Amino acid sequence: MDLVVVTGLSGAGRSTVARALENVGYYVVDNLPQTLMVTMAELAFASGGAGRRTAMTLDVRSRAFSTDLLGAVADLRVRGFQPRVVFVDASDDVLIRRFESVRRPHPLQGEGRLADGIAAERVLLANAREVADVIIDTSLLNGNQLRGRIEELFVTPEQTLHVTALSFGFKYGLPADADLVVDMRWLPNPHWVPELRPFSGKDPAVSEYVMAQPGAVEFLDQYAAVVAMATDGYKREGKRYLTIAVGCTGGKHRSVASAIALASRLGSRGIPTTVSHRDLGRE
């Protein structure tokens, strides 16, 4: 059975994740009390068919919410289930802006400030974040990008290591969900080549320029080999998703070309790899 448990901070995109999972064929049970997780999993398994792909979302607004998600997941595993836990997160500043834009209070805010409610929820969900198989930071993602990320991860139920090569710009901050970070700022920047500046690393001229720099091809070849050597270990440890963040200054030229090239090398080694560009178009 393909079982997914979704939780995370209010305002971080949990409901968007739930809808995206429905779109790729999951039966989604919203706002389920943790005490009913095992019962729901057993009912879904017994029903067969669509129930064999089930997602449960947990919400701190539920009166039956418990902070012991670790225990609930362990109980599922004792019963023979292998749940994947997805945790959606975002920075405090982004969460505050989202709540203010819809003019509603945080569910744990009480008589305090929005920041107080967010801080209280982070404490409640600390253990849930620790047990998560996938952490998705939505600070820089819109709804469509978040749905696309879920579709990349869950469109098929294959139990394999799925890699995302994510280009980004250091000036916009490190991706919070990165497992590995590759810094490509040691290569000359196409930004300073007038005829290349308007284009991105997706364009052949920019890609050829980046890959023609001394050491670029050798570096990516060897980095792909290192990742390939680690994949069996990741699988043994139960890790199914690996995000390799490939960065340059602005996330437009070097990182984009390098992420595409790295994904191609990993794919040729039989490692499913998706390319995503976080900051392309932000300049």
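**Aromatic rings in this model**

Hi everyone, let's begin with W186, which is partly exposed, with a relative accessible area of 41%; that label covers values between buried, under 20%, and exposed, over 50%, using a 1.4 Å probe and protein chains only. Before going on: this is a predicted model, where local features need pLDDT of at least 70, side-chain atom pairs count only at pLDDT 80 or more, and totals for chains, interfaces and linings use all residues. Residues are numbered from 1 along each chain as its sequence is written, and side-chain values use heavy atoms, leaving out hydrogens and water.

Now the ring pairs. Phe, Tyr and Trp rings (for Trp, the six-membered one) pair if their centres lie within 6.5 Å, and planes under 30 degrees apart are stacked, over 60 edge-to-face, the rest tilted. That rule gives six aromatic pairs. In one of them, F154 and Y241 have ring centres 5.9 Å apart and planes at 55°, so this pair is tilted. F154 lies in helix α7 (residues 143–154) and Y241 in strand β8 (residues 241–248), so the pair ties together parts 87 residues apart in sequence. Helices (H or I, at least four residues) and strands (E, at least two) are DSSP runs, numbered from the N terminus. Both F154 and Y241 are buried.

Back to W186: with F219 it makes an edge-to-face pair, 5.4 Å centre to centre and 65° between the planes. W186 sits in the loop between β7 (180–183) and α8 (204–211), while F219 is in helix α9 (residues 216–236), 33 residues apart. F219 is partly exposed too, at 28% relative accessibility.
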